[in-house]
Amino acid sequence: MTSRLEAATRDVTAVRQEMHRATTVLLRDTISVTDDQWRGPSRLPGWSRGHVATHLARNADAFTRLVNGVRVGVPAEMYTVDRDTLIDNGAGRSGMQLQVDLDTSADQLFNAFHTLGEDHWNQQVSLRSGAAIPVRALPLARLTEVVVHHVDLDIGFRPDRIPEHVAAAGLAWTLSRLQSERMPALRLVSTSSDLRQTVAGHGDTVEVTGTTADLLCWIAGRGGRVRGGDSVTLPAWR
């Protein structure tokens, strides 16, 4: 892991607490979404809000599967069937079904993390991409999924509602995940903190500035109110 990611995942308990808080905010916002709104478009091209919610629930299930595999000593795969098929099949459900699914799957993941002992956190698991990461990075990965996809739902949760320290940690996770892709050379400059980060990649280095939360959303392919990124093509992330 990079030094920034190591620092962001060092206190697993604190990250799990942030994950729980972010999930609580998400569930509080989604409870009032109507069936018609769930079927409406999200900020992600080709996905309804129901697609985003189903993805979040199946992501929680996938991480729970990885955690339980570590706990019993039997490596597990994130998905045992095609992920996109699962998402498509679940996207058209009622608002109540989606809400219960979001809540139940998140709770199961939180409880699965609670079952791990100290010796489990540095063990390795494999993501859907095949990348190997320590278990201690999973709570941050989930936290990032929750806040970025909360923005994707387009129900009033904007990047400026992401706490600064959560955005910085999520940015560290997302950059580490994209390092295996063909990244352009970047210099990220936050206008909301002293964060300055150079990203190795191809081509001349492009400086991109914005709040840390906007940089997170931008690097994850969500646009974001940043300056300098118009000419940059980023790897897909969702």
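1. Which residues in α2 meet which residues in α7? In this predicted model, Val-12, Val-15, Arg-16, Glu-18, Met-19, Ala-22, Thr-23, Val-25, Leu-26 and Asp-29 of α2 meet Pro-139, Leu-140, Arg-142, Leu-143, Val-146, Val-147 and His-150 of α7. Contact means heavy atoms within 4.5 Å, and helices are DSSP runs (H or I, at least four residues) numbered from the N terminus. The residues of this contact comprise 11 nonpolar, 2 polar and 4 charged.

2. The two helices pack at an angle of about 25°, and their axes, lines fitted to C-alpha atoms over the stretch in contact, are 9 Å apart. Because angles under 35 degrees count as roughly parallel, α2 is roughly parallel to α7.

3. The largest nonpolar core has 55 residues. Such a core is a set of buried Ala, Val, Leu, Ile, Met, Phe, Trp, Tyr and Cys residues joined through side-chain atoms within 4.5 Å, where buried means under 20% relative accessible area with a 1.4 Å probe, protein chains only. Among the elements that give two or more residues to this core are α2 (12-30), α4 (49-72) and α7 (138-152); α4 gives the most, with 9 residues.

4. Leu-138 is one of the residues touching the most other core members. Beyond neighbours within four places in sequence, Leu-138 is in contact with Phe-63, Leu-66, Val-67, Phe-113, Val-125, Leu-127 and Ile-133.

5. Residues are numbered from 1 along each chain as its sequence is written. Local features need pLDDT of at least 70, side-chain atom pairs count only at pLDDT 80 or more, totals for chains, interfaces and linings use all residues, and side-chain values use heavy atoms, without hydrogens and water.

Note on methods:
Buried means under 20% relative accessible area, exposed over 50%, partly exposed in between (1.4 Å probe, protein chains only). Axes are lines fitted to C-alpha atoms, for helices over the stretch in contact, and angles run from 0 to 180 degrees between N-to-C directions. Angles under 35 degrees count as roughly parallel, over 145 as roughly antiparallel, 65 to 115 as roughly perpendicular and the rest as oblique. Ala, Val, Leu, Ile, Met, Phe, Trp, Tyr, Cys and Pro count as nonpolar, Asp, Glu, Lys and Arg as charged, and the others, Gly among them, as polar.
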